Amino acid sequence: MAATAVAQEEALLPEGNAYVRRVLQGPRPQDGAINDYSYDLEETKENLDKRGIASSRETRVFQVYFVERRPVRRLVSRNGIPLSPKEQAAVDRKAEEKASAISEGRTTSEQPGVRLSGLVDSLEFTTLGREERGGRKTLVFDFKPRKDGKTQTGSGRGTDAVVRILTGRAHIDEADQRVVRLDARNAPGKKVSVATGVKVATIELLMEFVRVEGPVWLPQRVVTLATGRAFLFKTFRVRQTTTYSNYLRFKVDTEERAVR
């Protein structure tokens, strides 16, 4: 009987590629609600030595809101020091100009970074099982570059090329069908050019998401670590940590309240 129960449990697990494709490329509750949210964003960039110790660090804090589902960033401080009134006024003018350009359809620019929807065409997903995280059931998937040679070469540049060489694990909330956590790194032996003269030898990526309200899941933390060489001579080891906090949802009457 125990063996039968286990077999039935395993039979209920979805096929990895089809399930992840449906989750990442299908309609998402936050897509319709995202314009109602604002949040604080802290970016910390660290240059690391060979021991992994930070030799320099820069932190910037932004206030972010959405226009037509696109984020508009408003820088408010650097390294814990608020911007001067003059600099803040200039930043605010640029943010207002970007918001107007987006609302008028004059820009389609995106912040750089790995987009979850871009993973399904480059990676192959295998279902591992179920795991509880934060009191909620998640489905666990391993992923690796697809067997199609075109997706394993890391050809091209930028984020798209990085995605093609990733391997790792993803946790997806089973009830809401939203990504909870994604851990990734470059597949063994895979390197990639991300810009002219810039080649990444190793990359590690951690993405964590939080359920802010109902079925709406939004980012909580993203950490990337990249090592490589720029223009043949200069090596680099950079870690960037982005933390999202203080999600607020605006009501029709323009009041705002914290989302817990």
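Strand β1 (residues 37–48) and strand β2 (residues 54–67) pair in the antiparallel sense over 11 bridges; two strands count as paired if DSSP finds at least two bridges between them. This is a predicted model, in which local features need pLDDT of at least 70 and side-chain atom pairs count only at pLDDT 80 or more, while totals for chains, interfaces and linings use all residues. Residues are numbered from 1 along each chain as its sequence is written, and side-chain values use heavy atoms, with hydrogens and water left out.

**The chain as a whole**

- The chain has 6 helices and 13 strands; helices (H or I, at least four residues) and strands (E, at least two) are DSSP runs, numbered from the N terminus.
- Of its 260 residues, 37% count as buried, where buried means under 20% relative accessible area, exposed over 50%, and partly exposed in between (1.4 Å probe, protein chains only).
- The accessible surface of the chain comes to about 15200 Å², and 50% of this belongs to carbon and sulfur atoms; such areas come from the Shrake-Rupley method with a 1.4 Å probe, and for residues only the protein chains shown count as cover.
- Among contacts between residues at least 6 apart in sequence, 52% join residues at least 24 apart; contact means heavy atoms within 4.5 Å.

- β1 and β2 form a hairpin with 5 residues between them, and G52 in the turn has a positive phi of about 85 degrees.
- Next along, β2 and β3 pair in the antiparallel sense over 8 bridges, with F62 having L75 in β3 as its bridge partner.
- The hairpin of β2 and β3 has 2 residues between the strands, and E68 takes a positive phi near 50 degrees there.
- Strand β4 (residues 81–82) runs antiparallel to β3 and is joined to it by 2 bridges, and S77 stands opposite P82 in β4.
- The β3 and β4 hairpin also has its turn: there are 2 residues between the strands, and N79 has a positive phi of about 50 degrees.

**Residues to find in these strands**

- E43 is found in β1 and counts as buried at 10% relative accessibility.
- The side chain of E43 makes a polar contact with the side chain of R73 at 3.0 Å. A polar contact is a pair of N or O atoms within 3.5 Å; within protein, one must be able to donate a hydrogen and the other to accept it, and residues adjacent in sequence count only if both atoms are side-chain atoms.
- Not counting residues up to four places away in sequence, E43 touches residues including E58, F62, R73 and Q240.
- L48 also has its place in β1, and at 11% relative accessibility L48 counts as buried.
- The C-alpha atoms of L48 and R237 are separated by 5.3 Å, although these residues are 189 residues apart along the chain.
- R70 lies in strand β3 (residues 70–78) and is partly exposed, with a relative accessible area of 23%.
- The C-alpha atoms of R70 and N35, 35 residues apart along the chain, are separated by 8.1 Å.

- The buried residues of helix α2 (residues 16–25) are G16, Y19, V20, V23 and L24.
- These residues cover an arc of only 115 degrees around the axis, which puts them on the same side of α2; the arc is that of the directions from the helix axis to the C-beta atoms.
- An α-helix has 3.6 residues a turn, so residues three or four places apart point the same way.
- What covers the buried residues of α2 includes β5 (123–133), β6 (136–145), β7 (166–173) and β8 (178–186).
- At the start of α2, a side-chain oxygen of E15 reaches to within 3.2 Å of the backbone nitrogen of N17.
- Q88 is found in helix α4 (residues 85–103) and is buried, with a relative accessible area of 13%.
- Leaving aside neighbours within four places in sequence, Q88 is in contact with R74, L75, V76 and L83.

**The nonpolar cores**

- The largest nonpolar core has 49 residues, and those with the most contacts inside it are L24, L116, L119, F143 and L182. Such a core is a set of buried Ala, Val, Leu, Ile, Met, Phe, Trp, Tyr and Cys residues joined through side-chain atoms within 4.5 Å.
- The largest share of this core, 6 residues, comes from strand β10 (residues 198–213).
- A second, separate core of 5 residues includes V67, A95, A99 and I102.
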